[in-house]
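This report describes selected features of the structure shown below, moving from a helix to a strand, a loop residue and the surroundings of a ligand.

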Amino acid sequence: MTSKALTVPAVALGTWAWGDSGEAGDGYFGSRLSASGLREVVGKAHSNGLTLWDTAVAYGMGRSETALAQALAGCHRGEYQLSTKFTPQLAGDGDDPVGDMLEQSLDRMRTDYVDLFWIHDPADVARWTPSLIPLLRSGKVKQVGVSNHNLKEIALADQILGEAGFRVEAVQNHYSLLHRSSERAGILAHCREHGVRFFSYMVLEQGALTGRYSPAHPLPEGSNRATVYNGILPRLQELTDRMGAIGKDRGASAAGVAIAWAIAKGTTPIVGVTKADHIDGVVRARGIELADEEVAELEALADAADVDTRGWWENEM
Ligand SMILES: NC(=O)c1ccc[n+]([C@@H]2O[C@H](COP(=O)([O-])OP(=O)(O)OC[C@H]3O[C@@H](n4cnc5c(N)ncnc54)[C@H](OP(=O)(O)O)[C@@H]3O)[C@@H](O)[C@H]2O)c1
């Protein structure tokens, strides 16, 4: 039994920030999102062929999945793809914590299958990976991937799935101009060689690489992302200015250039869109081809900024 090759749009859309919506106000992102605004995001995304939605129970303890389902209500299930995750740290104590977490996600998302199901982090690869096999066999999960796994952990997960006739179809890691550990560790090359899709998350560094935020206009006060990024914004200025200039010639913003860079590197960015006009930015980015010299120049400026944006949940690769 082998899974069908994974076909997905050139850019996936992320909904971690959507887990902030409906709550008191400033959560991880400090975003104030409305149900009607998110419906508008979905409508615009789908009409532009952007139909793959990434979420996780961990994003607002189910609130992101719920907000996504509300925004997708009325769309035909065959029109879009859902990607969600098993987060080992949130495992229950039943006989099948992976299956249980999936069932709860299916419930919240009002569906009976997910297109992509991930092990969110490599807490215990040998323990959790086998639980994916019955979910693949049942059809509740179409494809599986691993997130935040290093090369050795990817190989172990692939071996476990391989024994049952399946495989790791996709890898999802933090990969941006500022954080290229997966490339340095050979994970991008491994994915290229084996026809495994590499999904890059946080290509915009949660807003810090969009050009919209600067020392004069910092990320929303009180949010977690402000704590992480506001202190380093001055060191990013030269890079984001150059990204803005490269984008300007193509009618795009710095954010568009960050997304185009991730595509140029052979990855599928997962962009955490929160507003309908972000979709316009993604569509423009999808059409940009960066020259090799531009890629090299941006990477040199990113290295010169000398910042460490590894997330608190991430290991060294
Ligand atoms: N597997 C994992 O461990 C893991 C970890 C992190 C993320 N992810 C996935 O990857 C997705 C992306 O990461 P992320 O959401 O944390 O951060 P991100 O995509 O780097 O940045 C998202 C922020 O950038 C701004 N933005 C988004 N699209 C834009 C555009 N086109 N133009 C200008 N600004 C734009 C928005 O800020 P404003 O709202 O302030 O405008 C948004 O909140 C997540 O949503 C999640 O699905 C996975």
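Two residues are taken to be in contact if their C-beta atoms, placed from the backbone, lie within 7 Å. The model is predicted: local features need pLDDT of at least 70, side-chain atom pairs count only at pLDDT 80 or more, and totals for chains, interfaces and linings use all residues. Residues are numbered from 1 along each chain as its sequence is written. Helices (H or I, at least four residues) and strands (E, at least two) are DSSP runs, numbered from the N terminus.

**Helix α11**

The cover over the buried residues of α11 includes β7 (197-201), α10 (233-248), β8 (268-271), α12 (276-286) and α13 (292-305). A residue is buried if 20 or more other C-beta atoms lie within 10 Å of its own, exposed if 12 or fewer, and partly exposed in between. Helix α11 (residues 254-264) is largely enclosed by the rest of the structure because 10 of its 11 residues are buried. Among them are Val257, Ile259, Trp261 and Ile263. Just after α11, glycine 266 adopts a positive phi of about 85 degrees.

**Strand β3**

In strand β3 (residues 81-86), six of the six residues are buried, so this strand too is largely enclosed by the rest of the structure. Two strands pair if DSSP finds at least two bridges between them. The pairings of β3 are as follows.

| Partner of β3 | Sense | Bridges | Residues standing opposite |
|---|---|---|---|
| β2 (residues 52-54) | parallel | three | tryptophan 53 and leucine 82 |
| β4 (residues 114-119) | parallel | four | isoleucine 119 and phenylalanine 86 |

A right-handed β-α-β unit is formed by β2, helix α2 (residues 63-72) and β3. Another right-handed unit of this kind consists of β3, helix α3 (residues 97-108) and β4. Right-handed means that, with the strands pointing away from the viewer, the path from the first strand over the helix to the second runs clockwise.

**Asparagine 150**

Asparagine 150 lies in the loop between β5 (141-147) and α6 (151-162). It counts as buried because it has 20 C-beta neighbours inside 10 Å. Leaving aside residues up to four places away in sequence, asparagine 150 touches Ala185, Asn315 and Met317.

**Surroundings of the ligand**

Of the 29 residues around the ligand, Gly14, Tyr201, Leu204, Gly272 and Gly281 come nearest. Both β8 and α12 supply at least two residues of this shell, and α12 gives the most, with three residues.

Note on methods:
A residue is near a molecule or strand if its C-beta atom, placed from the backbone, lies within 6 Å of it.
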